[in-house]
Amino acid sequence: MRSLSTFIILTGLLLASTSLFAQGEANNWYFGINAGLNFNTTPPTPLTNGRIRTLEGATAISDATGALLFYTDGSIVYNRNHDVMENGTGLKGDESSTTSALIVPQPNSADRYIIFTVDEPHHFNADNDASTIDSDGVNNGFMYSIVDITLDNGLGAVIDTQKNIPLITYDTTDATQVAYKCSEKITAVKSETCNSFWVITHFIDSFYAFEVDQTGVNPNPVVSKTGVTVPISGYRRNALGYLKASPTADKLAVAHLGFATMTGEDAPGKIALYDFDNVTGQVTNETVLYNGDAPYGIEFSQSGSKLYATVGLGDSGIDESFIIQYDLALPQNQIAASGIRISNENGSTTSDFSSGALQIGPDGKIYRALYNFNTNDGDYLGVIENPESDANNVQYRDRGILVNTDGRRISQIGLPPFIQSIFAETIDIINNGNSNDTNLALCQGQGYRLSYQMIPGATYRWYFNNQLTTNNTPFFDINNEGNYRLEVDPNNGSCPLIGVANVTRNQNPAITNVTLSQCDISLPLNDGRSIFNLEEANSFMVTEEALFNFSFYQDSADAINEVNEIPNPQSYQNQPNQIVYVRAVNKVTGCAGFGELQLKISTTTANDIVWAVCDEDGMNDGFTSILLNETESALIEGLANTGFIFSYHLSPEDALSEQNPITTYQNTVAYSQGTEIIYARIEDTNNNCFGIQTINLFINTVPPVITEEEMALCTDKTLSIPSGIKEAGQNVQDYEYLWSTGETTESISITQNGTYTVTIIDKDTGCSIERKITTISSEPARIERVLIKDAQENNEVIIEVSGSGVYEYALETEDLLGDFQDSTTFTNVSAGTYRIVVKDKNGCGEVKSDFFTVISFPAYFTPNGDTFHETWNLEGIQDASTTTSLIRIFDRNGKLLKQIAPGSSGWDGTYQGKLMPSSQYWFKATLENNREVTGSFALIR
């Protein structure tokens, strides 16, 4: 076998052939629900014109330049205008077949293409009963149809007499095999001789390789009975999964979804690798790489050194899944163990999407169909960016490229298969270091030489837009847009080498010449020099400034050659009457346009001003924020032109170069009195500097008063409201006053509640402040009731009042006034005589209650002669001569034992001269205000 490095993306070459097969044939993809990708751009562009609606199988074919020819889901063929191709219906593929169709050009024919189709081998159709639910009720198996692209005015047509021609991929003596006919797997690859293809499928335990050459399809396949046996009893589920040949045409890989033994059931599947002889079509040397779960998609890297598969977790394959990579450069017995799961951009090796198809693209990247059966999410394709890398370095994005750009498209679980040889490595005639990047964008008038190395004895053929040119050298100096292809035949028996360049030209941007006017404030004045910000001209030279990179030069030749660039264009000091040359490069296309920038010195001027502001931010600390646009009218006062544009800067250099503009300024020196300066740049509407003027800032204080205050207005009294100036220690004569009542005095007198404002104006600076005084009604309290809870462990006194004031309360004895409190309840009150004082907090007076008594009593007494607790009496009523209160004492049977007066010596524990025993006794006290108190106490002997 010849060296695989010489194999190229070529599929039908005879020396006399005018039809070559190059990478452009795979540049248009259609799949899923109206989804598609176009690889004529880098990165590929989503397509929105497709009519395919398929769960799995679909394919397409383009010409060598990447122009679409036609596409199909295996049942309907659509031409390049997206209309149904003439005689393009009724093909026997199935949109729910893994690989429902694959297109192969007939070698040595520029006009004929062969569509291979495979039906969905459904168990519902195994009895060939037309009443069953699937399609025509028959498993149609492996077939092909031929398209003549010259028919229907070049739109192509399926040749009626060469449509749905069956191919035998089963044992015709086995009725069960005849019922199913084929699995859902097709792949294609070039042969060793470079003038034919192998189209390969699999069924049960055998590979069937059909050769396609210049005479058409050889119906007698090379059969390789090898490897594991996929039970036909588990169809149709066992038929699912992809078969792929390596781009280097020496390997096959297959993903078997399951090995079920009952129809329609799920079971664990396998991934297997084989050697393929592209001379004989034989398949040999099986290596099982994975056992279990539900493998579905399979794909080789461009060099054939890496193999990728998608595997659904579990047996069904419709929920979560992962991608696994195998290193085929290892010895065969180590490949299975090299399997490593690939992480996505979030670091996870598991995806929420099902185990969809994998397909290598013309750019060498591998794309993954993404579809979530639970959420109907299919907006993206996954992308393996660097398939040749080791697994740990692979960059994979689960949401790699958006295909649903308008909300009407879905990537389901299939992607279009192509002849795998298309994706083998090509030669780099652009010399950009990436043979997969065949797009070359040039600028208007830009020359370019495509080239390849000189190989002794080789023949060089250059094609432009698929037409052979007269150039037979390794070089091509290109002038026109289009598709360039170099075919290098080493004339040593190896296949020709192919290089492709798709050339486009972008327009050079149109640049408008601009005059930039600057003010002259540098010394010496009027010398024709100043400091320019050259970048200020950018927006006037192009319509969309953000799309360009600008550079500036003192010489036009320097601008063209990109040498001696002006290093700091934002602060450039000009020469008198100077022209600067501008190079503007479009960031997208890289194309450059050139313009001239005339530098002009302005001698006009506006007004330097003193700007005094008041510190009105409420802080009254000498610092305030200044709105600089309020200075505009003063800056141009007396000037006739009104079309001015203003900007404000902290230095004259910034004003000249138009850097660091500000709109507000916070002074840094308290009550600045001309020590801080702002520089105002004034331009006309053509961006010409009219003047750079100074603004000297003065910060003046406002009257230092409390701006909001609340005062109480006592009922039926007059209240004097002050401006607050006198209270602030200021001279009242230095200010003017304007009250909301119309009065102009420093203070006013009022008799009605309300909100009163006064504007206080500093006579010297004009700074003013508004003070607001809100009055509230207040009055002395009215005592409604005093409630006494005494003769208990915690004596309480509660007062109830009414009135509009805000009150505070204190207990007062005849000798002492206690502390005031906000609560109307006094707790833990000792026995004694009190009254309550109620004071209005707003100063509207106080009232006092009558005196009242708070009593308590001992819980026990011990009349035993030790002089301690010898008698019992109420406490808190000290003078028996001035009270009418009476206390009666009873035993437990209610017998009256004694009557005593408060303040007397009390009861000594006897009755009619006899000692009463230790016991509990009761009392009832009737006080002078008819208040009664009862309780009990203990006599202890």
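Modeller: Asn34 is buried, at a relative accessible area of 15%; buried means under 20%, exposed over 50% and partly exposed in between, with a 1.4 Å probe and protein chains only. The model is predicted, so local features need pLDDT of at least 70 and side-chain atom pairs pLDDT 80 or more, while totals for chains, interfaces and linings use all residues. Residues are numbered from 1 along each chain as its sequence is written, and side-chain values use heavy atoms, without hydrogens and water.

Biologist: What is the phi of Asn34?

Modeller: Asn34 belongs to the loop between strand S1 (28-31) and S2. Strands are DSSP runs (E, at least two residues), numbered from the N terminus. Asn34 is not a glycine, yet its phi is positive, near 60 degrees.

Biologist: Which relative accessibility does Asn465 have?

Modeller: Asn465 is placed in the loop between strand S31 (459-464) and strand S32 (467-468). Although not a glycine, Asn465 has a positive phi of about 50 degrees. Asn465 counts as partly exposed because its relative accessibility is 37%.

Biologist: What is the omega of the cis peptide bond that joins Tyr235 and Arg236?

Modeller: Arg236 sits in the loop between strand S16 (222-225) and strand S17 (243-245). The cis bond from Tyr235 to Arg236 has an omega of about 15 degrees.

Biologist: Which residue of S5 is the bridge partner of Ser62?

Modeller: S4 (residues 59-62) has both faces covered, with Thr59 and Ile61 buried on one side and Ala60 and Ser62 buried on the other. S4 and S5 (residues 68-72) run antiparallel and are joined by four bridges; two strands pair if DSSP finds at least two bridges between them. The partner of Ser62 in S5 is Leu68.

Biologist: How much space lies in the largest cavity?

Modeller: On a 1 Å grid over the protein atoms alone, a cavity is a set of points where a 1.4 Å probe fits but cannot get out, and lining residues have an atom within 4 Å of a point. Grid points are joined across faces, edges and corners, and a volume is the space filled by probe spheres set on the points. The lining of the largest cavity includes Phe322, Arg368 and Tyr396. The space in this cavity is about 40 Å³.

Methods. 1 Å grid on protein atoms, 1.4 Å probe; cavity = no way out; pocket = protein on both sides within 12 Å on 5 of 7 lines; lining within 4 Å.
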